[in-house]
Structure formats: structure tokens, C-alpha cells
Amino acid sequence: MNRKLINGLVILSSLLGYLEWGGGQTAMLGALEYDLLLGSLRKAENFFHPMIILPLIGQVLLLVTILMKKAPRILTFLGLACLSVIMIMLLLISVLDFNWKILASVAPFFGFAIWSLRLHLARD
């Protein structure tokens, strides 16, 4: 399968991350990212937290690999590493809290990320 398509699926699946916190509040990472970039939370100081800036950098790097004609593998690896920071955190939370909704939301990301790594590590 095409490496660009898999990287696109990694980006899309990263937006499916599900969060729950006190008071019965929930959100998807895609909705939170929309609010940060275009919505009511649009303030410069919101972007300086590592759990916000690293995944955004990862998504941008993967988007660059999709747009480039022949992208170097290192961009995909760096993009996956940056995006994995928040997704591993969500995976850890889901396991420690026995929350199947969060676990189900991060499973597609890890599936596509592993698939992408296998495609990029395969000999051409």
C-alpha cells in the first residue's frame, strides 16, 4: 500500500483519541485541536505545553511527507515519534483506568503507526 496513504491514515486516526476527565467531561483530540487552532481556545500561550506542541509538530511532519514527492523516511519516523507521545499517554491512562473507550480510540493509531513503520523499514 502507498506510504502516503498510510501516513494520512495515521494523521486521521490521531484525531480520534478520546479523553475523559472530572465532572463527566469528554472530548476527542480532533475537536480539541480544532478549538486550539480555530476556535475559542486560540491563544499563543496554549501552544507552549509539550503535550500540545509535540503532536502538532508530528502531524505537520507527516503532512509534509504526504505533500513531498519523495520524502525522507526520517520525517515519517520523527512525525510518528512526536504523535506517539500523546497517544502512549492515552494508552497508559486507558490501561491504568480500565477505560475501554480510550483504549478503542487509540487502537487505530497504533495499528496504522506500526503499519507505516513496517512499510518504511521494508527494503525498497
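Visitor: Why is Phe-98 called exposed rather than buried?

Guide: Please keep in mind throughout that this is a predicted model. Phe-98 has a relative accessibility of 74%, and the word exposed is kept for values over 50%, so Phe-98 counts as exposed.

Visitor: Where does Phe-98 sit, and what is its phi angle?

Guide: Phe-98 belongs to the loop between helix 4, residues 73-97, and helix 5, residues 100-121. Its phi is near 55 degrees, which is a positive value in a residue other than glycine.

Visitor: Why is Ser-13 called buried?

Guide: The relative accessible area of Ser-13 is 2%, and buried means under 20%, so Ser-13 is buried. You will find Ser-13 in helix 1, which covers residues 3-14.

Visitor: Which residues does Ser-13 contact, if its neighbours within four places in sequence are left aside?

Guide: With those neighbours set aside, Ser-13 is in contact with Met-87, Ser-105, Pro-108, Phe-109 and Phe-112, where a contact requires heavy atoms within 4.5 Å.

Visitor: How far apart are Ser-13 and Leu-38 in sequence and in space?

Guide: Counted along the chain, Ser-13 and Leu-38 are 25 residues apart, and from C-alpha to C-alpha they are 20 Å apart in space.

Visitor: What makes Asn-7 a buried residue, and what does Asn-7 touch?

Guide: Asn-7, which also has its place in helix 1, has 2% relative accessibility, and because the limit for buried is under 20%, Asn-7 counts as buried. Not counting residues up to four places away in sequence, Asn-7 touches Leu-62, Thr-65, Ile-66, Thr-76, Ser-116 and His-120.

Visitor: Why is Ser-94 called buried, and in which helix is its place?

Guide: Ser-94 is in helix 4, and its relative accessibility of 3% falls under 20%, so Ser-94 counts as buried. Apart from residues up to four places away in sequence, Ser-94 touches Asn-99, Ile-102 and Leu-103. The C-alpha atoms of Ser-94 and Ala-104 are separated by 9.0 Å, and these two residues are 10 residues apart along the chain.

Visitor: Why is Leu-32 called partly exposed?

Guide: Leu-32, a residue of helix 2, has a relative accessible area of 27%, and since buried requires under 20% and exposed requires over 50%, the value lies in between and Leu-32 is partly exposed. Leaving aside neighbours within four places in sequence, Leu-32 is in contact with Leu-19 and Ala-27.

Visitor: Which residues have the most contacts inside the largest nonpolar core?

Guide: That core has 15 residues, and those with the most contacts inside it are Val-10, Leu-29, Leu-62, Met-87, Leu-90 and Phe-109. Helix 1, strand 1 (18-21), helix 4 and helix 5 each supply at least two residues of this core, and helix 4 gives the most, with 5 residues. Looking at Met-87 by itself, and setting aside its neighbours within four places in sequence, we find contacts with Ser-13, Ser-14, Gly-17, Leu-29, Val-106, Phe-109 and Phe-110.

Visitor: How many residues line the largest pocket, and which lie nearest its centre?

Guide: The largest pocket is lined by 15 residues, and Leu-29, Leu-32, Met-51, Ile-52 and Ile-86 lie nearest its centre. The space in this pocket is about 340 Å³. Helix 3 gives the most to its lining, with 5 residues, and the lining as a whole divides into 12 nonpolar, 2 polar and 1 charged.

Visitor: How do the residues lining the second largest pocket divide into nonpolar, polar and charged?

Guide: They divide into 3 nonpolar, 5 polar and 6 charged. About 200 Å³ of space lies in this second largest pocket, and of the 14 residues that line it, the closest to its centre are Arg-3, Lys-69, Lys-70, Ala-71 and His-120. Helix 1 supplies the largest share of this lining, 3 residues.

Definitions and conventions
Residues numbered from 1 in each chain as written. Predicted model: local features only at pLDDT ≥ 70, side-chain atom pairs only at ≥ 80, totals over all residues. Heavy atoms only, no water. Helix = DSSP H or I, 4+ residues; strand = E, 2+ residues; numbered from the N terminus. Buried < 20%, exposed > 50% of the residue type's maximum accessible area, 1.4 Å probe, protein only. Core = buried A, V, L, I, M, F, W, Y, C linked by side-chain atoms within 4.5 Å. 1 Å grid on protein atoms, 1.4 Å probe; cavity = no way out; pocket = protein on both sides within 12 Å on 5 of 7 lines; lining within 4 Å. Points joined across faces, edges and corners; volume = space filled by probe spheres on them. Nonpolar A, V, L, I, M, F, W, Y, C, P; charged D, E, K, R; others polar.
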